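Hi there,

Here is the structure I promised to pass on. Have a look at it first, and then read my notes below.

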Amino acid sequence: MSASTAAGSAPSPAAPGTASRAKKPRDQRLDFYRGIAMLIILIAHIPINQWTLWIPARFGFSDATEIFVFCSGFASALAFGTVFLNKGFHLGLGRIAYRIWQVYWCHVGILLFCAALVFAIQNNGWGSAEVNYLTRPYLVPIFDNTGVTIGGLLTLTYVPGLFDILPMYLVILALIPVVILAYRAAGRLGVAVLVIGLWVLATLAGLGRQAGEEDWTGLGAMVAEAASMVVWLDWLNLPSRPWDVGTWFFNPFAWQLVFFTGFAFGMGWIPAPPRSRPLMWIALGVVLASVPLAWHKIYPYLTGYWPRALGGEFLWDIRQALEPFYWKTWQGLFRFLHFLALAYLAWYVAGPAGERLNRGFTAAERPAAQWKKIGMGAAAVAVVTIPYAYVEEIRALLPALDRFFLSTVPLVHARWIGLLQIAHLVALLTLAWAALGPARRAWVLADGFCRVVPVLRKIGTQSLAVFVVSIPLAIALGAFLDVWGREMLPTAIANLTGFAILTGVAYGAAWFRKQPWRGEATKMAPSRVETVASSPVERSPGGGQSGRSVVVSGA
């Protein structure tokens, strides 16, 4: 053996033409915003959660689902796209198949686990006696028609609400090799034609499906009749129940538009947009313009809180007429444009290469006298709006006081309560910010923010594990609120506990993924050799006992 071989020679250079592209570094903005999305998704999934009044979906067309899908597309470009580039199409196809295998069993396992969880809550009386926990995520068919339902679960033809994101992700993952082939055949134009064309077909399939619904009047009779002409595309509406005509809540052939937009950015097929103040103001204008049409407090059929004098009913009529443009199932155009505007604002705020995620923010400090006036004004607004911000708490403690404030005191009519809740929250935040003082405000913007960023990035990095845990966690926290009430304190405890658990899951999943047990072997204690007689006693040809040596580690 030569000296070079014994020492371990360096690997030989790669043959000409076999050099692969280096794997792209992971963008920290990706995991940061995906971490935020995972916490928002938990809030949204907890039944009757007051914190859902403040999530972005209540103030715009798009929501945390778009964030999750877009970031997943971007991450898939880094994780899977580079395999197609570096290792070849067949290995890229294998990598996708392996991921589909993982996600498929995550979906099956989490649905069965949640079925067992809601049955245990219902059967053992762990929740409220007034709630049927089998119907919150509608899992009754698993117990009433088990054979058909389990078959539908395994074939993805039974996809109940709350369990519909992972099946959508499975189908979109299967489309990645198709998109790669389209890029090889016709470049970026080929990908654009495929992705946009498939989205258009899925939207037409949605029109055809909704045209058959008796209560659907969104676009008027003429357009509904035209939509009925595309019912032949109904095969794009994947079945969600084996026993009727239900469809997946997230149509993957429509939602792939969001996914492959992120994928194209990750692959470099779409260049990063320029950092431009005019573009930033345009994006902000799009977001603000959508609020009157998307804010749920405006809808008369829900609350009627928006004043008639401000055109609440008129806005509702416009919203009804534009229904297909904000469809969630088929990723309506307004949802997509709203998300792009939000994404640009998030990209702009993070700074070049996400530098603000590393150093935080700085802000010009106001004079102390000015902060004092701001604090006093905020305190006044907070006090005046107390009766309208804590309706449930006051009603539970002092019903007479509740009637006095909402019926007798002529401050603002009760149906305006949604606007006053917003005013109260803004006033409390402003008052708290003014009370911090200049030094603490600077710490929150810089050091404090930078301490939160790694936690959110960890949650975003382990998004699959976090999402899988968040579904049963939301069910359990909903049962907790059923028992302890949905006043301000129990609601805060439930949501913050959920955040803490998901954070622990993220760090735990990261530790397991590192597989530390496969690292360098720990130094073991000196071994001792024991000679043990074989049984039955083995004798050497000479008649003596034949011993065998056994190494016993750790004296």
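**What I found**

Gln 515 is found in the loop between helix 21 and strand 1 (528-533), where helices (H or I, at least four residues) and strands (E, at least two) are DSSP runs numbered from the N terminus. Its phi is near 50 degrees, a positive value in a residue other than glycine. Gln 515 is partly exposed, with a relative accessible area of 30%; buried means under 20% relative accessible area, exposed over 50%, and partly exposed in between (1.4 Å probe, protein chains only).

Before you go further, please note that this is a predicted model, in which local features need pLDDT of at least 70, side-chain atom pairs count only at pLDDT 80 or more, and totals for chains, interfaces and linings use all residues. Residues are numbered from 1 along each chain as its sequence is written, and side-chain values use heavy atoms, with hydrogens and water left out.

A positive phi also turns up at Ile 48, about 50 degrees although Ile 48 is not a glycine. Ile 48 lies in the loop between helix 2 (28-45) and helix 3 and is exposed, with a relative accessible area of 59%.

Now for the chain as a whole. The secondary structure comes to 21 helices and two strands, and buried residues make up 43% of the 555 residues. Among contacts (heavy atoms within 4.5 Å) between residues at least 6 apart in sequence, 73% join residues at least 24 apart.

Val 131 sits in the loop between helix 4 (89-124) and helix 5 (140-144). Not counting residues up to four places away in sequence, Val 131 touches Gln 122, Arg 136 and Asp 482. Val 131 is buried, at 18% relative accessible area.

Thr 65, in helix 3 (residues 64-87), is also buried, with a relative accessible area of 6%. Leaving aside neighbours within four places in sequence, Thr 65 is in contact with Phe 250, Trp 255 and Lys 328.

The axes of helix 19 (residues 438-461) and helix 21 (residues 488-514) come within 8 Å and cross at roughly 65 degrees; axes are lines fitted to C-alpha atoms, for helices over the stretch in contact, and angles run from 0 to 180 degrees between N-to-C directions. Helix 19 contributes Pro 454, Val 455, Lys 458, Ile 459 and Thr 461 to the contact, while helix 21 contributes Leu 502, Thr 503, Ala 506, Tyr 507, Ala 510 and Arg 513.

Which aromatic residues form one cluster? They are Tyr 169, Tyr 183, Phe 259, Phe 260, Phe 263 and Trp 269. A search of the whole structure finds 31 aromatic pairs, that is, rings of Phe, Tyr and Trp (its six-membered ring) with centres within 6.5 Å, where planes under 30 degrees apart count as stacked, over 60 as edge-to-face and the rest as tilted. One of these pairs is Tyr 344 with Tyr 348, which is tilted, at 6.3 Å centre to centre and 35 degrees between the planes. Because they are four residues apart in helix 12 (residues 333-350), Tyr 344 and Tyr 348 are separated by about one helical turn. Tyr 344 counts as buried at 10% relative accessibility, and Tyr 348 counts as buried at 15%.

Best wishes
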